[in-house]
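Student: I have a structure to go through with you. Can we take it question by question?
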Amino acid sequence: MSWQGRLFVTSVVLLAIYAVVLNVHPFLAVTHRVNAKILVVEGWIDEYAIRAGADEFKTGDYEHIITTGGPAAGSGGYTNDYNTFASVGARRLKAAGVADESVLMVPSHVIGRDRTYSSAIALRRWLRDHNMPLRSLNVVAEDAHARRTRLLFQKVLGNDVRVGIISIPNPDYDAKHWWRYSEGVREVIGEGIAYTYAKVFSYQSEPSPEDRPPKSFLPP
């Protein structure tokens, strides 16, 4: 290959890398609300996202806010529902001004890896056990974790439920220049790998029929 050819190939590769760097964060940190009466907040998210979740609930047309999450860090495993991130999240939302009667706690018994997927499974079972049919919900997620969160909730709840997602920006770095911050690099690269894994290699694509929530509880 001539030097002109090598220069052309190198230029194309560099432009492709530049395009990926510019667009990967907006791709991962997606926000797409749907018309829903239920808002879901993962109980382990940072305080800035909890406050944003409380504000979203108070300003939106929601009826309930559901907190999810498994055993709290350092607990060694599930002991009871009140020693879970779902309980921690519920307390923090109430402290942020959400009325007690609006908060529903749906804990998972699973600790460690795949906690978003485990929380979605717990929510599906809770809806079934409480005979609460569901057509749509919105989920609050931290920054670049948003697209993977929506993917996992959608896979668990199935195509009959519309899953909206609300990404809360991380105040610790400038999203437009995420590569300049160690926190941004860790979050974007880590979530990019995790999303690819969830999309291509892991998890069931549809819930089992006995776990599928009914359809008619909430308007679209």
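Student: What volume does the second largest pocket have?
Tutor: Bear in mind that this is a predicted model. Among the 13 residues lining the second largest pocket, the closest to its centre are Pro107, Ser108, His109, Ala122 and Arg125. The volume of the second largest pocket is about 250 Å³.

Student: Which element gives the largest share of the lining of the second largest pocket?
Tutor: The elements that give two or more residues to this lining are β3 (103–107) and α4. By class, the lining has seven nonpolar, three polar and three charged residues. The largest share is seven residues, and they come from α4.

Student: Which element gives the most to the lining of the largest pocket?
Tutor: The largest pocket holds about 310 Å³ of space. Of its 20 lining residues, the closest to the centre are Trp44, Arg115, His145, Arg148 and Glu191. At least two lining residues each come from α4 (115–129), α5 (146–157) and α6 (182–200). With six residues, the top contributor is α6.

Student: How many charged residues are in the lining of the largest pocket?
Tutor: Sort the lining by class. Eight residues are nonpolar and three are polar. The charged residues number nine.

Student: Which strands stand at the edges of the sheet?
Tutor: The sheet is open, with five strands in parallel pairing. Their order is β3-β2-β1-β4-β5. An edge strand here has a single partner, so one of its sides is left without a neighbour in the sheet. The edge strands are β3 and β5.

Student: Which residue in β5 stands opposite valine 139?
Tutor: Start with the strand pair. Strand β4 (residues 136–142) runs parallel to β5, and seven bridges join them. Opposite valine 139 stands isoleucine 165.

Student: At what angle does α4 run to β3?
Tutor: The helix α4 lies across β1 (38–42), β2 (64–69), β3 and β4. Its angle to β3 is about 115°.

Student: Is aspartate 172 buried or exposed?
Tutor: Aspartate 172 sits in the loop between β5 (162–168) and α6. Its relative accessible area is 55%. The cut-off for exposed is over 50%, so aspartate 172 is exposed.

Student: What separates the C-alpha atoms of aspartate 172 and glutamate 183?
Tutor: Leave aside neighbours within four places in sequence. Aspartate 172 is then in contact with Tyr181 and Glu183. Aspartate 172 and glutamate 183 are 11 residues apart along the chain. Their C-alpha atoms are separated by 7.2 Å.

Notes: Residues are numbered from 1 along each chain as its sequence is written. This is a predicted model: local features need pLDDT of at least 70, side-chain atom pairs count only at pLDDT 80 or more; totals for chains, interfaces and linings use all residues. Side-chain values use heavy atoms; hydrogens and water are left out. On a 1 Å grid over the protein atoms alone, a cavity is a set of points where a 1.4 Å probe fits but cannot get out, and a pocket is an open set with protein on both sides within 12 Å along at least five of seven lines; lining residues have an atom within 4 Å of a point. Grid points are joined across faces, edges and corners, and a volume is the space filled by probe spheres set on the points. Helices (H or I, at least four residues) and strands (E, at least two) are DSSP runs, numbered from the N terminus. Ala, Val, Leu, Ile, Met, Phe, Trp, Tyr, Cys and Pro count as nonpolar, Asp, Glu, Lys and Arg as charged, and the others, Gly among them, as polar. Buried means under 20% relative accessible area, exposed over 50%, partly exposed in between (1.4 Å probe, protein chains only). Contact means heavy atoms within 4.5 Å. Two strands pair if DSSP finds at least two bridges between them. Axes are lines fitted to C-alpha atoms, for helices over the stretch in contact, and angles run from 0 to 180 degrees between N-to-C directions.
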